[in-house]
Amino acid sequence: MADKKIGRNDPCVCGSGKKYKKCCLLTASTTTAPAAPVSSATFQRLQLAVEHHQAGRLNEAQALYQRVLTVSPDNADALHYLGLIYYQTGDSATAVSLISKSIAISPSSLMHCNLGAAQQALGHHDLAIASYRSAITLQPDYAEAYSNLGAALQEQGQLTDSIKAFQQALSLNPHYASAQNNLGNALLVQGNLEGAIECYRQSLTLNTDNLSTHSNLLMALSYYPQCSAQQYLDEALIFGNKVLVMARPYQQWPAFETDRAAKKLRIGFVSGDFKVHPVSYFLESIFQHCATENLELVAYATQFKEDVLTQRIKSHFAEWNIISGISDDCVAQKIYADKIDILVDLSGHTSANRLAVFAWKPAPVQVSWLGFFASTGVPGIDFLLTDATSVPETQSKNFSEKLWYLPETRLCFTPPDTKLLPGSVPAKRNSYITFGCFQNLSKINNAVLAVWAQIFEALPTAKLVLRNKQMSCLVERESLQQRLVLAGIQVERVKIDGLIAREDYLASYAEIDIMLDTFPYPGGTTTCEALWMGVPTLTLAGNTLLARQGASLLHCAGLPEWIAHDADDYVAKAMQHATNIDMLSSLRENLRAQLLTTALFDAERFTQQLAEAMFAMWQQRLAEK
């Protein structure tokens, strides 16, 4: 989009959680003299550029910074702030180059901190950590640098050190809402749900209007066992009312000028996950078939980051828009002007969502789908796409959206691009059964370990393989080992691994006989990947959309016997399946072919069903005109 405008009251694009006017440029506004002697005209031009920058007029600010550098190429402030604009508009590589030059001329803690943010955006976490530490060396009481350091350490899997950095930021500034939020994020990844929820609530006490923190709270509550469906919905509705107050919803739309029910529909997708990410694993093959179903796709990417998967899916879109850093009202105006018929949110309350845009109602039909597993609470979202296994009709009261049921499944998985075949059941060569779980640490709660302990007590030769990103941290690995012992599972029977490349990760299913799902937050991507590699997953169906995700996947895959209905049934089914090696062998040999006959893996079939739903929604909306 040409007009790169950030509202003063919008969240800062650096991810701090603060308002833009109070974040990256707070120090800039206090600049009283340039780092090196310059003319009065140049100094005034620099000050005017800063004013434009603070007001969110990035194009005007950029032009003025460049004019300053034409006259004074070694002006550290102009280099720094111009680099910051490049970072804010998605060109982090140029940002790193410019800010590095400014540091070489006249270093400051703010420059090092912003350099770290740009490096982190490029995925250069080690360099970012070094930059944040340099900022702290120059300014030991720099709470923002400690908070950013914590975020970079978390990306590296160093959870314990990450938490310490956030705590240090809070010791320097107890009223630092963003650090409270970031600490909550780290505790959530660690599996400390209660601690995370408390941090989010404290952060909201300090900054009530922070939508990102409120979304984080709702994400945590969605799989907190002590939070009832009604309590969750009440909190989601508070969020919905908050974004509605800030919006001016459209009442009429260009798409309604003529009856277009029988023609092509323009479908807008809003997501921060158009990249190598589980959400896109469920989208890629669907996008390939949308054109044949008269669906014209328009993307609204909420983040700048792109990768090989982004490049693969871009060709299926008629238009590709990046809306990161652009105010909600401007994004809503753009969507409205684009004459989008149906706008689909793919994020829910996950990171980088733009739910506030949906409160503006820029499209006549708005839908929540795929990336989240509970109600958004946003009044402008009309429907939530689901299936009968995921959400029985008796649970419809738990959603602010109307439920629209797809006939077989709400999800369709894109098979991994690999030549790996399932191979044989490892139990035949090992003479013992090997269970596996590749879920994130936050999903492996003590209730899960207690149930697993019953299985391992009943099957004394069985072994377990645990693999996730968090296990790359030695401290977290040792902590999990202690929890295993307390649950009654001998650590000698458990192999624990950290993050590995996806091809190696897929190959590692060759050592697993049965995957053990977690609850109440089951697997999605991991379950589909396991099925593709011939390994069945034992799941426990709960009472929410999230808790029934595994049940939905296995039901569609034709494996209802792998769905348990309570903890005792889970243990019984694990023992039953683990002692039937011939069944496991036959399943491994034939599962992939079976999957290709289902809508869970047959993208053409699923897309037909999705398109039928879209046209039916549109027809219903036309009837309400």
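Which residue in E11 does Phe 435 stand opposite? Please describe the surroundings as well.

Author: In this predicted model, Phe 435 stands opposite Ile 514 in E11. Strand E8 (residues 434–437) and strand E11 (residues 514–516) run parallel and are joined by two bridges. Both belong to an open sheet of six strands, whose order is E10-E9-E8-E11-E12-E13 and whose pairing is parallel. At the edges of this sheet are strand E10 (494–497) and strand E13 (563–564), each of which pairs on one side only.

Helices pack against these strands. Helix H19 (residues 446–458) lies across E8, E11 and strand E9 (463–467), and runs at about 150° to E9. Helix H20 (residues 474–487) also packs on the sheet, where it touches E9 and E10; its direction makes about 160° with that of E10.

Phe 435 also has a place in the largest nonpolar core, which has 107 residues. Together with Phe 269, Trp 369, Trp 452 and Tyr 570, Phe 435 touches the most other members of that core. The most residues, 10, come from helix H26 (residues 603–623). This core lies between domain 2 (247–405) and domain 3 (426–601), because both give residues to it.

Phe 269, another of the core members named above, has contacts that include Phe 274, Phe 287, Leu 297, Val 344 and Trp 369, leaving aside residues up to four places away in sequence. Tyr 300 is also among the residues that Phe 269 touches, yet Tyr 300 is included in a second, separate core of 101 residues, as are Met 111, Ile 340 and Phe 372.

Technical notes:
Residues are numbered from 1 along each chain as its sequence is written. This is a predicted model: local features need pLDDT of at least 70, side-chain atom pairs count only at pLDDT 80 or more; totals for chains, interfaces and linings use all residues. Side-chain values use heavy atoms; hydrogens and water are left out. Two strands pair if DSSP finds at least two bridges between them. Helices (H or I, at least four residues) and strands (E, at least two) are DSSP runs, numbered from the N terminus. Contact means heavy atoms within 4.5 Å. Axes are lines fitted to C-alpha atoms, for helices over the stretch in contact, and angles run from 0 to 180 degrees between N-to-C directions. A nonpolar core is a set of buried Ala, Val, Leu, Ile, Met, Phe, Trp, Tyr and Cys residues joined through side-chain atoms within 4.5 Å. Buried means under 20% relative accessible area, exposed over 50%, partly exposed in between (1.4 Å probe, protein chains only). Domain bounds come from an automatic or database domain assignment.
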